[in-house]
Amino acid sequence: MSSLAQSSDQTPRAPLHAVDQSTPQSAIIAFELQRAANRRRDAIVSSLGLAIGLGLVVWAFHASGFSSNTFGQDSLEKAGQFIFRMDPELEGDLLFEDRTTKGSLAHWFARWPQWREALIETIEMAVVATALSAFFGLLAALASARTTMPIFWVRWTTKRLLEAIRTFPDLILAILLVSLFGLGPFAGLVTLTISGSASLGRFFGEVLENIDKRPREAMRASGAGPLQQIRFGIIPQTSPVLTSMTFLRFETCIASATTLGIVGAGGIGEELNRALTYNQIESYLAILILIIGLIVAADLASGVLRARLSRERMAR
């Protein structure tokens, strides 16, 4: 075989159609030539793609002003000053004193009762919005999937509506709803429900369109109606994925709910906005730590619940 490879390396680069493939040796030579040609073509395509990608990155940096003279020491210096101002100046010997003592943790988290209520409000918004999003998302998925909706215009309209809703950023939608419902968590709840329903409806629809059709066909052959086919032939085989996506959406709702308060839609974001408005930079850092801790806790809890559900399904 090595002698064949050596002979293939020494063979002149003749056109592939000119190579006689009547013998095993000539067929191997033709195969090696074809593989070399394919590798050269792939290398050229990859190089062109890399060059175009790098060109787009360079253009984007230039167009964004990142590389201009205005983005330099002044901007970096301001960023450094802002980070330095967030330092709570904790004192080691005063760390566990009461809230009246500057340099203690209690003084740094002096507004903890208000922040705690805002955190609870954020969690409540995320839980209710996730539940409503899963319900409306499932209805939208049933109306947009080919396996559950035979009417074309209903599927097409539902998909286009979900796409239109997903184009709206949560903050823009929250601003519109705050102007409609006023300040408070209700506007944030409606915002998270609308955006979550569109996202889950899209994901649920993809899951429903890729199911195993045999259980449903067997139920149809036995005389089951459409609702029975969905209830016993589709939902059982898709429920693990749908549940996992719902928990993932809950994590997203927690993160989104913390930012919607910046525009007055309730939650811990309102406290963050208040700290910025009144130049309470120390409180700003404390609230950021609470938000990060809340998101991490939600992620861990969601992961534990998904793993537990997975173990229960495997045990069955």
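Biologist: At what angle do helix α8 and helix α10 pack?

Modeller: First, this is a predicted model, where local features need pLDDT of at least 70, side-chain atom pairs count only at pLDDT 80 or more, and totals for chains, interfaces and linings use all residues. Residues are numbered from 1 along each chain as its sequence is written, and side-chain values use heavy atoms, without hydrogens and water. Helices are DSSP runs of H or I with at least four residues, numbered from the N terminus. Axes are lines fitted to C-alpha atoms over the stretch in contact, and angles run from 0 to 180 degrees between N-to-C directions. Here α8 (residues 185-208) and α10 (residues 226-260) pack at about 150°, with their axes 10 Å apart. Angles over 145 degrees count as roughly antiparallel, so α8 is roughly antiparallel to α10.

Biologist: Which residues of α8 and α10 meet?

Modeller: Contact means heavy atoms within 4.5 Å. In α8 the residues include Gly188, Leu192, Phe203 and Leu208, and in α10 they include Ile234, Met245, Arg249 and Leu260.

Biologist: How do the residues of this contact divide into nonpolar, polar and charged?

Modeller: Ala, Val, Leu, Ile, Met, Phe, Trp, Tyr, Cys and Pro count as nonpolar, Asp, Glu, Lys and Arg as charged, and the others, Gly among them, as polar. The contact of α8 with α10 has 13 nonpolar, 8 polar and 1 charged.

Biologist: How many helices and strands does the protein chain have?

Modeller: The chain has 12 helices and 0 strands.

Biologist: What share of the protein chain is buried?

Modeller: Buried means under 20% relative accessible area, with a 1.4 Å probe and protein chains only. Of the 316 residues in the chain, 32% are buried.

Terms used:
Helix = DSSP H or I, 4+ residues; strand = E, 2+ residues; numbered from the N terminus. Parallel < 35°, antiparallel > 145°, perpendicular 65-115°, else oblique. Buried < 20%, exposed > 50% of the residue type's maximum accessible area, 1.4 Å probe, protein only.
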